[in-house]
Amino acid sequence: MIDTLRTERLELRPFVWEDLAFLDALHEDEEVYRYLGDGKPRSTELHRAWLERTIAQHQEGLGQRVVVHRGRAIGRCGIGRYYRSSVHDGARLSVTPQNEPSPWAPFLEMGWTFERAAWGNGFASEAANALLDRFTPRESEPLFAMIHGDNARSIRVAERRGWGPRQHATLYDRPMVLYGP
Ligand SMILES: CC(C)(COP(=O)(O)OP(=O)(O)OC[C@H]1O[C@@H](n2cnc3c(N)ncnc32)[C@H](O)[C@@H]1OP(=O)(O)O)[C@@H](O)C(=O)NCCC(=O)NCCS
């Protein structure tokens, strides 16, 4: 199980079922979801499946957390699991989302998503640093942030951490880059 983490300005707590409405509200904004996954609007049904997976991952010390600022949920940040094929299509790896069990090699994915009003305050970097500073790397599951090539803000978060582009990948036919330490 995971505990609640506190930083200078933020609280990072485990997700609970009552956060379903927060997920719906967070992903309502096209600016927020355009570079996530397939880039399409997200249904409550999808969020329910996402929550179930995330809460299950809390049992093994993983999963995204709710980021709270001054008592309000403003985003999510944490580590989930994806799978990558060993088959290269040119220089690109294929990646399957974490909700589709796969014989491919697992990897851990650091994600950060905040409501638009919270951008530009360093909250994503502060949350990511808090989580990464206490994360113990696993040899069998390398850690990356999988970022759409056009998602400049997210790339800056990875770069601020000192991460760089390590591998091109394809997710839902979209071009991604795996950033890592
Ligand atoms: C990706 C995302 C989390 C980045 O958010 P962000 O607020 O730009 O990132 P940070 O928390 O690192 O904040 C950095 C910015 O805050 C500014 N800032 C202001 N006060 C700050 C402070 N006290 N400390 C640090 N930075 C501060 C920095 O100058 C920087 O601005 P800049 O990038 O314009 O130079 C956000 O754009 C988002 O949620 N996007 C939609 C979802 C998404 O695409 N997620 C990524 C999927 S891979």
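1. In this predicted model, Tyr172 counts as exposed because 12 C-beta neighbours lie inside 10 Å, and a residue is exposed if that count is 12 or fewer. Tyr172 is placed in the loop between strand 8 (164-171) and strand 9 (174-180). Its phi is near 50°, a positive value in a residue other than glycine.

2. Asp173 belongs to the loop between strand 8 and strand 9 as well. Here phi is near 65°, again positive in a residue that is not glycine. Asp173 has 7 C-beta neighbours inside 10 Å and therefore counts as exposed.

3. Arg65, in strand 3 (residues 63-69), counts as buried because it has 25 C-beta neighbours inside 10 Å, where the cut-off for a buried residue is 20 or more. When neighbours within four places in sequence are left aside, Arg65 is in contact with Leu12, Arg13, Pro14 and Phe15, and also with Arg76, Cys77 and Gly78. Between Arg65 and Trp112, which are 47 residues apart in sequence, the C-alpha to C-alpha distance is 9.6 Å.

4. Helix 3 (residues 44-58) comprises 15 residues. From its first C-alpha to its last it reaches 21 Å, close to the 21 Å expected at 1.5 Å a residue.

5. Which residues of helix 3 are buried? They are Trp50, Leu51, Thr54 and Gln57. Viewed down the axis of helix 3, these buried residues fall within an arc of 125°, so they line one face of the helix. On the face of helix 3 turned away from the buried side are the exposed residues Glu45, Ala49 and Ala56.

6. The ligand is surrounded by 22 residues, of which the closest are Gly122, Ala124, Ser125, Arg153 and Ser154.

7. Which element gives the most to the shell around the ligand? Helix 5 does, with 5 residues. At least two residues of the shell come from each of strand 6 (105-114), helix 4 (123-133), strand 7 (143-148) and helix 5 (152-160).

Key
Residues are numbered from 1 along each chain as its sequence is written. This is a predicted model: local features need pLDDT of at least 70, side-chain atom pairs count only at pLDDT 80 or more; totals for chains, interfaces and linings use all residues. Helices (H or I, at least four residues) and strands (E, at least two) are DSSP runs, numbered from the N terminus. The expected span of a helix is 1.5 Å times one less than its number of residues. The arc is that of the directions from the helix axis to the C-beta atoms. A residue is near a molecule or strand if its C-beta atom, placed from the backbone, lies within 6 Å of it. Two residues are in contact if their C-beta atoms, placed from the backbone, lie within 7 Å.
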